[in-house]
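Subject: Structure handover

Hello,

Here is the structure for your files. My notes on it follow below.

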Amino acid sequence: MDDSNQQKVGQISGAEIIMRCLQEENVKFVFGYPGGAVLHIYDALFKQKHFKHILVRHEQAAVHAADAFSRATGEVGVALVTSGPGATNAVTGIATAYMDSIPMVVISGQVPTAAIGMDAFQEVDMVGVTRPCVKHNFLIKDVRDIAITLKKAFYIAASGRPGPVVVDIPKDITAEFADFEYPKSVEMRSYTPVTKGHSGQIKKAVKILLEAKRPMIYTGGGLVLGDASNELVKLARTLGYPVTNTLMGLGGYPATDKQYVGMLGMHGTYEANNAMQDCDVLLAVGARFDDRVIGNPDHFLSVPRTIIHIDVDPSSISKRVKVDVPIVGHVQSVLGEMNELLAIETKKPDASALKTWWAKIDGWRAKNTSSYDGSSSAIIKPQYVIEKLCEVTKGDAFVTSDVGQHQMWAAQYYKFDKPRRWINSGGLGTMGVGLPYAMGCQLAYPNAQVACVTGEGSIQMNIQELSTCKQFHLPIKVILLNNRYLGMVRQWQEFFYENRYSESYMDSLPDFVKLAESYGHVGMNIEKPGDVEGALQDAFAMKDKFVFMNFMTDQKENVFPMVPNGKGLSEMILGSDPNANDAVDEMEG
Amino acid sequence: MKHIISLLMENEAGALSRVAGLFSARAYNIESLTVAPTEDATLSRMTIVTSGSDEVIEQIIKQLNKLVDVVKVLDLNDGRYIERELMLVKVKATGALREEMKRISDIFRGRIIDVADGSYTIELTGSGSKLDAFLEALDKTVILETVRTGASGIGRGDRILKV
């Protein structure tokens with residue numbers, strides 16, 4: 001019979017082994033919530049001093065906060081939840097991280113081994129539930145497997161195309177005893193992610209890039225996750241080519257640089273979308289041509305162009321758009337090699353073609369499609385709040401957002417010059433991430449300015465975290481763009497459903513100032529455009545306070561430019577169109 | 001177009017459901033799927049019969065390779081291969097049918113492996129299309145029950161899928 005429930009000399013419990021593994025991985029924060037199946041683990045956690053546990057108010061927020069910690073630092077985020085409802089509450093957070101390829105390890109408690117499959121109290125098949133939204137998951141069935149499994153979990157989460165890994169651990173396993181030895185490295189014959197790109201392909205790519213007449217560089221979240229921003233800047237400056245970033249890639253290339261043409265996609269700039277559509281050579285880096293980025297793929301492919309695609313994940317290449325030069329490899333290493341080749345290359349980019357191309361781009365730019373009517377002294381424009389936020393924080397804050405119109409305005413009007421500063425749910429589009437994301441950022445960088453740009457719909461999806469922010473003294477600034485509507489839903493209903501605002505009005509809102517104050521925070525109501533800048537300055541001057549800023553904004557403002565669903569990238573509706581809504585109606589036919 | 005994909009994966013609990021889940025989550029066709037451990041008990045070999053355009057098949061191969069438990073993937077259609085499937089058919093065998101069923105079985109090189117008062121059970125091995133042809137040759141009313149294993153495939157000559 002197995003004697004692992006008898007402690008021998010030198011042995012420690014499964015729960016203690018988990019603590020030692022986290023210590024070996026240099027984990028600084030564990031975001032979690034206790035419960036029955038993880039009581040042994042929490043008892044071991046009580047006795048250790050190596051990392052800090054952040055008690056959230058809902059498991060979803062634990063996973064989001066761990067996810068943001070990872071996005072801001074590049075380290076693996078860690079969350080700890082109990083079995084059953086604790087585990088299922090974590091699923092939205094896990095799926096959010098999976099869609100954006102964020103490295104995370106989520107440890108979930110499970111009912112005791114003998115109770116698995118018995119419909120025990122708080123039992124759920126966590127490995128089954130999370131299978132479609134994790135990079136990998138494990139159910140540990142032997143205390144002696146804990147160390148090697150966690151080692152594998154951290155390795156899988158952080159290597160290759162990163163992603164969340166779930167480790168499900170039955171309660172009895174955490175009480176049994178075993179020797180502890182943390183493996184120094186791990187090798188898996190079934191998992192060998194590529195690192196370096198194929199040098200022949202890289203040479204070919206450089207040659208094609210130098211022959212381009214209308215080149216374009218398009219980078220995504222993969223560039224940020226791969227920490228290849230410096231390599232990209234070097235490459236782009238050497239070549240003098242225009243650069244666009246996706247929503248996930250903002251900050252990958254400095255937004256204030258003259259070669260930057262803005263974000264592309266459904267709400268991208270006129271110049272970025274047109275240049276993307278019109279280019280003859282496209283260099284895609286850590287981006288995946290998704291539906292919100294290139295719109296209708298058939299329309300995109302109706303113009304011939306040569307596409308070079310660098311990605312660490314082969315399955316991202318030629319998934320939606322067939323590419324000509326695939327390069328599978330770590331973006332930092334591949335771009336580095338390209339820079340080395342360019343340094344010794346005698347051929348230079350075609351200066352005259354480039355001049356003509358830039359003139360065309362500058363023509364698109366001159367349309368200035370990010371302008372908005374800010375003439376009213378009575379109604380606050382949401383874009384104006386973001387512009388002022390950018391000024392007051394000197395463009396150097398960590399900005400988290402929720403999902404909707406405010407997210408797009410934050411992406412369009414805050415100028416991100418550094419990677420890992422813009423933290424949002426791009427792939428899954430999870431409302432409610434903003435506040436827990438801000439918590440993860442503020443804990444990672446206690447002295448940094450952290451702003452959570454949100455809407456009154458989203459903020460209420462994890463509003464309970466105001467309490468966590470109080471407990472851990474997190475001086476986050478909430479920038480609530482309150483238009484009393486689920487704005488993006490309302491915008492689509494206005495455009496595509498003849499103004500039938502079905503369930504998109506947010507009635508019965510709380511008094512956000514009183515709500516913030518009840519948690520011991522500072523609350524502010526801002527109702528006039530003239531008060532915006534001063535209020536932001538006051539708020540950010542309160543360096544040790546959590547400030548909840550409720551901006552009452554224009555109820556009817558829409559996000560422009562807009563590429564309607566299923567349309568081509570260059571088929572944008574602009575805010576300056578005399579009647580943007582009619583333009584939409586016409587396009588819809 | 002129909003493709004037969006062979007893969008080797010870690011013989012671990014849940015590995016099969018990862019593959020099956022991938023096909024349903026990404027809406028890939030799955031005609032048949034067979035799996036059993038190999039001579040190396042730490043590995044399972046799976047044969048999947050699927051269909052799709054070249055682009056879809058390329059994605060299927062990439063997505064299968066991406067699964068952490070999958071060690072190697074081979075699209076048998078990329079070269080020459082052999083495909084075999086086993087079918088057991090229980091047919092009516094009364095009166096004149098007793099002789100006729102035996103004759104049809106012989107023509108298809110089947111073997112009668114169980115004989116009862118009113119029925120035979122015929123074992124038949126071959127490609128999927130041969131098994132289809134056998135069923136078509138039978139009068140529908142004489143078929144009492146069928147069971148098929150789904151295809152197994154192996155490359156010809158020195159095309160070997162091994163770790």
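Two residues are in contact if their C-beta atoms, placed from the backbone, lie within 7 Å. By that rule, and leaving aside neighbours within four places in sequence, A:V105 touches A:V76, A:V78, A:A153, A:F154, A:A157, A:V165 and A:V167.

This is a predicted model: local features need pLDDT of at least 70 and side-chain atom pairs count only at pLDDT 80 or more, while totals for chains, interfaces and linings use all residues. Residues are numbered from 1 along each chain as its sequence is written, and chains are lettered from A and ligands numbered from 1 in the order in which they are written.

A:V105 is also among the residues with the most contacts inside the largest nonpolar core, which has 204 residues. (A nonpolar core is a set of buried Ala, Val, Leu, Ile, Met, Phe, Trp, Tyr and Cys residues joined through C-beta atoms within 7 Å; buried means that 20 or more other C-beta atoms lie within 10 Å of the residue's own.) A second, separate core has 10 residues, including B:M87 and B:L124.

Between the chains, 17 residues of chain B are in contact with 12 residues of chain A.

Chain A has an open, parallel sheet of 6 strands in the order β11-β10-β9-β12-β13-β14; strands pair if DSSP finds at least two bridges between them. Strands β9 and β12 of chain A are joined by 5 bridges, and A:Y218 has A:A284 as its bridge partner.

Regards

How values were computed. Buried ≥ 20, exposed ≤ 12 C-beta atoms within 10 Å, placed from the backbone. Helix = DSSP H or I, 4+ residues; strand = E, 2+ residues; numbered from the N terminus.
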